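User: I would like to learn how to read the features of a model, one at a time. Please take me through them, general idea before the case at hand.

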Amino acid sequence: MSVTAETAPQSDAAARKHRKLWLGVGFVGCIAGSIAFAGPFLSPVLRKHCLPYLPATENTIKLLFSELKGARGPLIDLGSGDGRVVIAAAKQGFIAHGIELNIWLVLYSRLRSLLAGTSSRTKFYRADLWKTDLSPYNSIIVFGGESMMSDLSVKLKKETVANTDIISCRFPLDSNVWDTCSMIEDGHNPLWRYKQSSD
C-alpha cells in the first residue's frame, strides 16, 4: 500500500474530528448566547415580586395621559419595558425616566427614544424599583403585578411628595393605604389614579 493511500484515511478522520470540534464549539456558543439574551427576560420569575414584560396598548397609553392632563414635572415609569410609555410622556412635554431590570429592554428603549427624537427628554436606567428613590417625581406610572401592590403602596406613600400623581395600571394600590381619585375601565387594563395628600 502506498504512503498516499495510507494518509488519505488519516486526513479524512482528522477533518471529521475538526468539524465535530467546531460544531461543538458552535453549539455551546449558541446555548451561551441564548442564556445571555433570555436571562433578563426570565429572571423576574425568580424574584419575590414577579413583574413580567407586558407592553402597554396604544389605548391604555392614551387613557393614561388623559388622566395626567395638566400634570407637569418629572415623570417615572416603574418597569418601563420597551420604553413606549416614557417616549409618549416625552412627547406630551414631560421630562420622563424609565427604570427596568432587563438590560436589553433598557438599551432598546434608549435606541427607540433616539429614533423618536425624544432622547433629550428621556432617561432609561437599569435599576431595581425597590431601591429607587421616588421622591423627585411628580408623576409616577406603575404597571405592576398583583403580588407586589401592597408593598409598593407602602413605598409610594413613604417616598412621594404632596400632590404627586400616581397612575396604577392593571392592578390597584392597596385601598388601606391609598384612596382612589378616579378609575377607568379599559378591558383587561383598568387604570386607577391616586394623588398624594398635602397633609
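Analyst: Asn163 is partly exposed, because its relative accessibility is 46%; buried means under 20% relative accessible area, exposed over 50%, and partly exposed in between (1.4 Å probe, protein chains only). This is a predicted model, in which local features need pLDDT of at least 70 and side-chain atom pairs count only at pLDDT 80 or more, while totals for chains, interfaces and linings use all residues. Residues are numbered from 1 along each chain as its sequence is written, and side-chain values use heavy atoms, with hydrogens and water left out.

User: Where does Asn163 lie, and what is its phi?

Analyst: Most residues other than glycine have a negative phi. Asn163 has a positive phi, near 70°, and lies in the loop between helix 5 (149–159) and strand 5 (165–169). Helices (H or I, at least four residues) and strands (E, at least two) are DSSP runs, numbered from the N terminus. Arg170 also has a positive phi, near 80°. Arg170 sits in the loop between strand 5 and strand 6 (182–184).

User: Is Arg170 buried or exposed?

Analyst: Arg170 counts as buried because its relative accessible area is 17%. For the protein as a whole, 39% of the 199 residues count as buried.

User: How many helices and strands does the protein have?

Analyst: There are five helices and seven strands. Along the sequence their pattern is α-α-β-α-β-α-β-β-α-β-β-β.

User: At what angle do the axes of helix 3 and helix 4 cross?

Analyst: Two packed helices are described by the angle between their axes and the distance between the axes. Here the axes of helix 3 (residues 84–91) and helix 4 come within 10 Å and cross at roughly 30°. Helix 3 is therefore roughly parallel to helix 4; angles under 35 degrees count as roughly parallel, over 145 as roughly antiparallel, 65 to 115 as roughly perpendicular and the rest as oblique. Axes are lines fitted to C-alpha atoms, for helices over the stretch in contact, with angles running from 0 to 180 degrees between N-to-C directions. The crossing of helix 3 and helix 4 is right-handed.

User: How many salt bridges are there?

Analyst: Side chains of opposite charge can pair when their charged atoms come close. The rule asks for a side-chain nitrogen of Lys or Arg within 4 Å of a carboxyl oxygen of Asp or Glu, and the count comes to five salt bridges. One of them joins Arg112 and Asp82, with the closest N and O atoms 3.0 Å apart. That pair links distant parts of the chain, 30 residues apart: Arg112 is in helix 4, and Asp82 is in the loop between strand 1 (75–78) and helix 3. Arg112 is partly exposed at 28% relative accessibility, whereas Asp82 is buried at 5%. A network of salt bridges links Asp82, Arg84 and Arg112.

User: Which side chains meet Asp165 in salt bridges?

Analyst: Arg193 does, at 2.7 Å from N to O. The pair spans 28 residues, from Asp165 in strand 5 to Arg193 in strand 7 (residues 191–195). Both Arg193 and Asp165 are buried. Lys195 also meets Asp165, at 2.9 Å from N to O. This pair too links distant parts of the chain, with Lys195 in strand 7 and Asp165 in strand 5, 30 residues apart. Lys195 is partly exposed because its relative accessibility is 34%, while Asp165 is buried at 6%.

Methods:
A crossing is left-handed if the near helix is turned anticlockwise from the far one by less than a right angle, and right-handed if clockwise.
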